[in-house]
Structure formats: C-alpha cells, structure tokens
Number of protein chains: 2
Amino acid sequence: MTTPPPGLRERKKQATREALREAALRLAVERGPDRVRVEDIAEAAGVSPRTYNNYFASREQAIVAAVTADREARVAEAVAARPAGVRLADAVTEAVVEQYTHTGEGERERERGTLLLLTTRTALRDAFLDATAGIEPPLTAVIAERLGSAGDPTARVLAASVAAAVRIALEGWLQSAGSSGTAGSSGAGGLVVPTGSLPDRLRAALAPLAPAFDAAERRVVQS
Amino acid sequence: MTTPPPGLRERKKQATREALREAALRLAVERGPDRVRVEDIAEAAGVSPRTYNNYFASREQAIVAAVTADREARVAEAVAARPAGVRLADAVTEAVVEQYTHTGEGERERERGTLLLLTTRTALRDAFLDATAGIEPPLTAVIAERLGSAGDPTARVLAASVAAAVRIALEGWLQSAGSSGTAGSSGAGGLVVPTGSLPDRLRAALAPLAPAFDAAERRVVQS
DNA sequence: CAAGAAAAGTGCGTGCACGCAAGTTTGCGT
DNA sequence: ACGCAAACTTGCGTGCACGCACTTTTCTTG
C-alpha cells in the first residue's frame, strides 16, 4: 500500500541523496568543514553542483542529514509501535529517547569526529538543531490518530512542543560536550544542572509536557 | 539600572536599524518585494550594503522586522505586568492575544498591503513565522521568575512551546487569509476549523498547553 | 512497443551572506 | 583637552542559493 513497487525512479533519487550526504560528511570530517565546497561534494557524488541543491537547501543541511539519517520518521514509527494502552506521554518520551540514543547504525567509529564537528562549528550546530523540527509532521500524524482530533490544532501544538523540547535538550547537551568539565553558573544563586547524559536531558525536557498530553488524552476518552 | 543614560552611540544604532527596516518595508510595498535589492534598501537608509547585513542576516528579516517591531519584548512585559495571583497559563495567553491583535502603533493604513505581502510571497511568510521564535528568550525569563526554577529546563520548554503554538496559529491564519473563503478539507471525514479569527486561533493553539503550565505552577507552590 | 508526458539533471546568470582587513567614529581615562 | 582603545562602518573578494530555460531519463498509455 505504501510501497507496492518502490519505483525505480525513486530508488535512484534516494541513492543520489545518500551519496550526497555521505560524501558531504566524509569530506567534512577529513578536511575541515570549511574546506569543503559544494562543488567538491557534488563531484564526489557524481552529480552537478546545481543538482546538489535540488536535494539540499544549504551546505550544512547535507552534512547534518548524514548524521540524522531519517530519525524523524523513526520516532513516529516508534510511537505508533507502542501498545495503545500506555500513556501517550510515556510512549512519546520513550520513543524519543530510544531513537536519539541509538545514534546511527553500527557507526561508532566516526561518531567522535562527527560530534566534534557539531560542537565546534556553529553553523553546523545550528543546522543540526534546526533539523529537529523535522519530527513535527510525522509526530503530528501519530498523535492526531491517537487523539482522533479532526480540525483542532492540539496535535500539531503537542508535536511542535516535543520538537522544541528535544531541541533544547540537544542544545544543552552539545554545549556541555563542547566545554570540557562541568558547566558554568546562572547568576541567580541557583546551581545549573550538572551536565546530565543525553537521555536524562531528554526526559527532563519532555517531562513538563506530560500534563498537556494527559489532558488531551483524557478529553478523547470522555467524548 | 537598565538604561541610566541610553548612550549616544546606542541611539544612532537604533536609528539606523529603524531606518533600514522602515525603508525595507516601504520599498517592498510600493514595488513588489522581488524588485527590491539590498542595495536599494541600504541606499534609502543612507548606509552601505555591507552595513545592511551587519543589522539583518537576510533581506526578508528587515521587512519582517518592520512588521514585527519589538513585539517579542512586549509580550514578556505584558506577562510580567499581570498580577501574580492569576494562573500563569491565563497570563501568558492574554498577553499573547493582546500583543498580536494590537498590530503596530496607529498604522492601520498600510496594514492591508503588508498582509498581502506576507500571504503572497512564501519567503516573507516563512521569515515572519520564524520571527515568532524570538519571543522565547524573554518569555523564558518571565516564566522562570514566576516558577523560581534554577537549572531545570521547564521554563525554556514552556516558552518554546508557546512560541510554537503561536507560530502554528499564525500559520493557519495567514493561510486562510490567502485563499479567499473557507479553507479546504482534511480527508479523514472530519471538518477542519472554519477559519477562525486570529485571537480565536491563538487561544485554540495555546489551550492545550494550559495543563502543563498549571502543573509547573503547582510544583512551585508545593516546594 | 512506440510516442508523448512527467520528472530529474544541468548550465548559466543574478543577487546575496559573510569573512577579512582597512578606515572612521565614539567614549573613556588621565 | 588630548589621545588611546573599542565599536561601528565600509570595500572587496569568495562561495552559495536559486530562478529559468533546456537536455536527458524514466514512466505511462494507446
């Protein structure tokens, strides 16, 4: 239904896409990310520079896409996979944590270099954080299905809030990963969080949203 | 404390900034937004093109800044102005509605042309929507103060969620304003929302977040 | 299977974002 | 009042995003 024959044309497109982002990441790691021009990436992937940004709107996007793979879709699938009985808030939280700790496939090798890239170059860091917004559409779909919400913005708002929370968690994590040792002070006499692990940060960021999910879920039961 | 003497240098900077965004909007309205080059805006404001993007990172940003003025800061102030007794969720909602319906100052004149610009040109629409993210930092500050949260991400997550909700509301509003008449169908047999007014859309988008605010507020009372 | 429609790739031209290294203005200390 | 240091502006050069028109490839239909 979704992919009767995946289509031959479509496969080529996906192949080109992967070749591009793969080349982009590889080149960015071995030379510095500044010493990679679009022309180089395109050449390494065997396409014209013009074709390159038929696929990616910016140079950073290509590199980030290699790191991210298709995590967005996976999160949505992971949520859908949970049994319908569990709290929606828990399903989402666990799905997110699961997909964001499971970095790539079996690519622990280059992970060091990649992480260094993201923490060092601001442009890449920003692009990476912006990429988290991509989970919104698929997440909206699964949430809307559970809530059965027709034309009200609840599902979208919740999905977007999750995306924002994930972004915040990643932002803090990258920052702490960059500056070695514990983080600084906040000024109001309160201690800042002492650099938690990524799963911890994700849970902490998503926790405040749980009541909103509960309330939304409750409404669908009543109606 | 915040502005003992505002400083003379700073005033010039603000003047230039305003001159730029003013020129950008004016030119964009009278000619089409595509027939305005950065060079033109810079010339109209009496600075070099290079200086232009010491102030704005993109051409769209300047135009949008003129429409937005400093709405971000105003929302935060409006929240802070509410008495401490009211629900935080209500304070935020009302502040947002208040500041987003009160478009500019007394500039009802060009509002038509401006709105047309935003609905027509996609690049401008996107820039305008992205600008809503700017409310996050000041909102985080006021929320954090009310919650007294030191190093936990709750305030930031809530602020970011509000920004996302506002963005969604504006997005839907602009879309409906573009296509004359009522909006289309969603496919799942459910009717989509029949094009509400902007305040209605804002309230509808913010409503799902109220339980999260309540829960956060409850925690600060207990502790 | 052939012909045409749809979609992807490509070359070219234009305006833009931004780093860098001057030149110029503003503010402060003595 | 004078001069120094920091902040702001500017000219220049490079690489990039993207519209447009055109070629090549893939899918569909009679």
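**Where the labels come from**

Mentor: Along its sequence, chain A follows the pattern α-α-α-α-α-α-α-α-α-α-α-α. Keep in mind that this is a predicted model.

Trainee: How many helices and strands does chain A have?
Mentor: Chain A has twelve helices and zero strands. Of its 223 residues, 37% count as buried. Among its contacts with a separation of 6 or more, 66% join residues 24 or more positions apart.

Trainee: Take Thr154(A): why is it called buried?
Mentor: Count the neighbours. Thr154(A) has 23 other C-beta atoms within 10 Å, and the label asks for 20 or more, so Thr154(A) is buried. It sits in helix α10 (residues 154-178) of chain A.

Trainee: And which residues does Thr154(A) touch, leaving out those up to four places away in sequence?
Mentor: Leu147(A), Ser149(A), Ala216(A) and, from chain B, Pro208(B). Contact here is C-beta to C-beta within 7 Å. Thr154(A) and Ala216(A) are 62 residues apart in sequence, yet their C-alpha atoms are 7.7 Å apart.

Trainee: Why is Ala69(A) called partly exposed?
Mentor: Ala69(A) has 15 C-beta neighbours inside 10 Å. Buried needs 20 or more and exposed 12 or fewer, so with 15 Ala69(A) counts as partly exposed. Ala69(B) has 15 as well, so that one is also partly exposed.

Trainee: What makes the backbone at Ala69(A) worth a remark?
Mentor: Its phi is positive, about 55°, although Ala69(A) is not a glycine. Most residues other than glycine have a negative phi. Ala69(A) is in the loop between α4 (59-68) and α5 (71-81) of chain A. Over in chain B, Ala69(B) also has a positive phi of about 55°, and it lies in the loop between α4 (59-68) and α5 (71-81) of that chain.

Trainee: Which residue with a positive phi follows α2(B)?
Mentor: Gly46(B), with a phi near 75°. That one is a glycine.

Trainee: While we're at α2(B), how do you know that its buried residues share a side?
Mentor: The buried ones are Ile41(B), Ala42(B) and Ala45(B). They cover an arc of only 95° around the axis, which puts them on the same side of α2(B). They pack against α1, α3 and α4 of chain B.

Trainee: What makes us say that α7(A) has a buried face?
Mentor: In α7 (residues 111-120) of chain A, the buried residues are Thr114(A), Leu117(A) and Leu118(A). Seen down the axis they fall within an arc of 95°, so they line one face of the helix. The face turned away carries the exposed residues Arg112(A) and Thr120(A).

Trainee: Which residues touch the most other members of the largest nonpolar core?
Mentor: Val162(A), Ala165(A), Val162(B) and Ala165(B), out of 76 residues in that core. Not counting residues up to four places away, Ala165(A) touches Ala205(A), Leu206(A), Leu209(A) and, across in chain B, Val157(B).

Trainee: Which residues of chain A carry the UniProt annotation "DNA-binding region"?
Mentor: Residues 37-56, according to an unreviewed UniProt entry. In the model that span is 75% helix and 0% strand, with its end C-alpha atoms 14 Å apart. For "domain: HTH tetR-type", UniProt's unreviewed entry lists residues 14-74 of chain A. That span is 75% helix and 0% strand too, and its end C-alpha atoms lie 17 Å apart.

Methods
Residues numbered from 1 in each chain as written. Chains lettered and ligands numbered in written order. Predicted model: local features only at pLDDT ≥ 70, side-chain atom pairs only at ≥ 80, totals over all residues. Helix = DSSP H or I, 4+ residues; strand = E, 2+ residues; numbered from the N terminus. Arc of directions from axis to C-beta. Core = buried A, V, L, I, M, F, W, Y, C linked by C-beta atoms within 7 Å. Contact = placed C-beta atoms within 7 Å. UniProt positions renumbered as here; feature names shortened; annotations may be inferred.
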